[in-house]
Structure formats: C-alpha cells, structure tokens
Amino acid sequence: MVRMQPQPAQRIALVAFPGIRAFDVAVISEVWGVDRTDRGAPRFALRRHGAGRAPVGMSGGLTLTPDQGLEALDGYGASDLVVVPGVEEHLAPVPEPVLAALRSAHAAGVPVAALCGGAFVLAQAGLLDGRRAVTHWNLTGLLARSYPGVQVVPDALFVEDGGVWTAAGVAAGIDLCLHLVRTVHGAEAAATIARAMVTAPFRTGTQAQFVEQPTPCSDREADALAAVRERALRHLSEPLTVADLAGWAGMSPRSFARHFTATTGTTPVQWLLDQRVAAAQKLLERTGLPMPEVARRCGFGSEVTMRQHFAARLATSPRDYRRAFRAAAEEAVTEAATEGMTEGVAG
C-alpha cells in the first residue's frame, strides 16, 4: 500500500535583529512554532533568520539565536511568509542587510507581516510607501510624521495592502497571526490554535475601544452586553435585530447601540454579520450541508445574502471557500485511512 505524503509544512520566517520585542517573538513562536498536528492543526516550519548566528538581544534582557541566515528571505522561494516582530526603539536604524532582505522577499511575492512597532521597520525598508498601514494607537502620529508616504490607518486592528500586513499593538499581533493562519488554512485551523492559546479566534472592532478614555459603561452594563452576545450566538439562525438585542439587555435600542459600540469597537449590526460569516465558515469546512441550509442556520436568510457578505468580508464566495478547504480535509482523511490500513497490514 502506497502511503500518501502529508502536506508540506508552511514555512514561516521570523526576522531577528537587535532591539526586537520579546513579546512579539513569543506570539509568533506560539502560533507557528508549536506542533499541534495531533489536534488537527496544520504543519508549520518556523525558522529564525538573522544577519549572523550570534544571539540577538531583545527587550527584557532576553536573547534569540537565529538558526538561518537572511539569504532565505532574498526571493528564492525559501519562505512562504515573513514576519517582523515589533521593536523597542521605533526610529532606531535597522541593519541594512535586514531591510534589503525584506525588500527582496516582498519583490519575490512573499507576504510580509509586521507586528506593532514592526511597521516602522517596514517603513524604513520602503515597503509602506504609498500603502495603508497601522501600528499601536499611541504611535500612529509618530509613524505619520516620520514617514509621510505611509497612509496611516488610525484605528484598525490590522490591515493589508499589496501583500504587506501591519498590526496594532500587543494583542492585535495575535489577531493578525491568527488571521494569517485563517487565510491560508481556514477558520477551523485558526480556532484550533486559538483554543490552545486560550484566546479568541478573532476579534471584531477597532483600536478605538482601547484608546485612553473614560470607562464607557458600568460593570453591570458590560455584563449585560456580554450576556447578550452569548445569547445571540445561540440564536444566530434567527432574524435578530438591534431592537431584539436591546430588549435582552433591558435598554433602548439607541442606548444599547451606543454602549455596544463603546465596549466592542463595532456596531451591533456589524458584530452580528461577523459572527454569521464565522459560523458559515465553520459549517462550510466541517459539513456538506447545501448552501441554502448553511445560509439558514447562520441567519443570512438566503444564499444570495450570504454570498454578498462573504464577498465583502473574505473576497471569495461560499462555494469557493468550501472548495479550497474541502480538498485539504479530504486528503487528510484519506491519509489517516491509508495509515490505519498500512498499520493493520503490518500488524
């Protein structure tokens, strides 16, 4: 019996140079550097690339030893994704070999992502000229003043422009990493990793909810809103309205919408649509339900409406989404069955 080979590991390149943030390195390592294939997660090959093999100093007195040189980023197809951690000194010069390697990787069509203050590194490399980018809300002004050619987005959690990804501060780096997993491997793969990290598979909203401001609502109201969101997730198949949600919270629709947006950074309507799309992604990955039934269970009302929201949020159709991830799932099942038959024969 010929054994099917597993899918090759996605190759992730972490760029290491003096002054990178230890937290961001830890996030990258946790998402792509832990083997969770026994739980159904994809295979990754995380490598740490530096200008040399000497330990690189990070924040907090920690060090990171590169296991690869920068030549793997130079456009010869050695990496599938390049990730740049944030930096402590945002305007400090980055070694030219690092900047040159980032430019070369992007020119070769490799996606390049930066967490938090890593946007300043990409800006130094010229990769953000004329592109939209985001960084921590407290650094957006500095980024705009220091690099006028960058179109700074003030309140997004993460953005993509021309194959270049940037994320806002700290926890938004986790959001971006999980999103990058989701775009290649699907929502269930990202959810598997998120569960292991005890974090949300995705967050909606903007940075605006984290900017220093008076507390928007009392603990009682926050608890009520959390209970409403939980209840809404159990009733996604129903045609929920803002008035319905407000009634569950014991508020007027206007007051509810104001508190909801202040707490989550997004409107009740947008939040509901995001949850419906996420639920549809899981059904498309896990089941063979007809499209109208998927749409019904997720509260879209019709396949046409579901298709419109998929196009707006994911730039694809439900059918194409299912097709992309069904092939990988079927191959995994076949591989497992083949392995079991081979072991049975051997036994």
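Which residue forms a salt bridge with Glu230? The partner is Arg234, and the closest N and O atoms of the pair are 3.6 Å apart.

## The model and its salt bridges

This is a predicted model, in which local features need pLDDT of at least 70, side-chain atom pairs count only at pLDDT 80 or more, and totals for chains, interfaces and linings use all residues. Residues are numbered from 1 along each chain as its sequence is written, and side-chain values use heavy atoms, leaving out hydrogens and water.

Searching the whole structure turns up 14 salt bridges (a side-chain nitrogen of Lys or Arg within 4 Å of a carboxyl oxygen of Asp or Glu).

## A pair within helix H7

Back to Glu230 and Arg234: they sit four residues apart in helix H7 (residues 219–234), a separation of about one helical turn. Helices (H or I, at least four residues) and strands (E, at least two) are DSSP runs, numbered from the N terminus. Arg234 is exposed, at 56% relative accessibility (buried is under 20% relative accessible area, exposed over 50%, partly exposed in between, with a 1.4 Å probe and protein chains only).

## Pairs across the chain

Arg319 and Glu303 meet through their side chains in a salt bridge of 3.1 Å, N to O. This pair links distant parts of the chain, with Arg319 in helix H13 (residues 318–346) and Glu303 in helix H12 (residues 303–314), 16 residues apart. Arg319 is partly exposed, at 46%.

Arg21 and Glu88 form another salt bridge, with their closest N and O atoms 3.8 Å apart. Arg21 lies in the loop between strand E1 (10–15) and helix H1 (22–32), and Glu88 in the loop between strand E6 (81–84) and helix H2 (96–107), so the pair ties together parts 67 residues apart in sequence. Arg21 is buried at 18%, whereas Glu88 is partly exposed at 36%.
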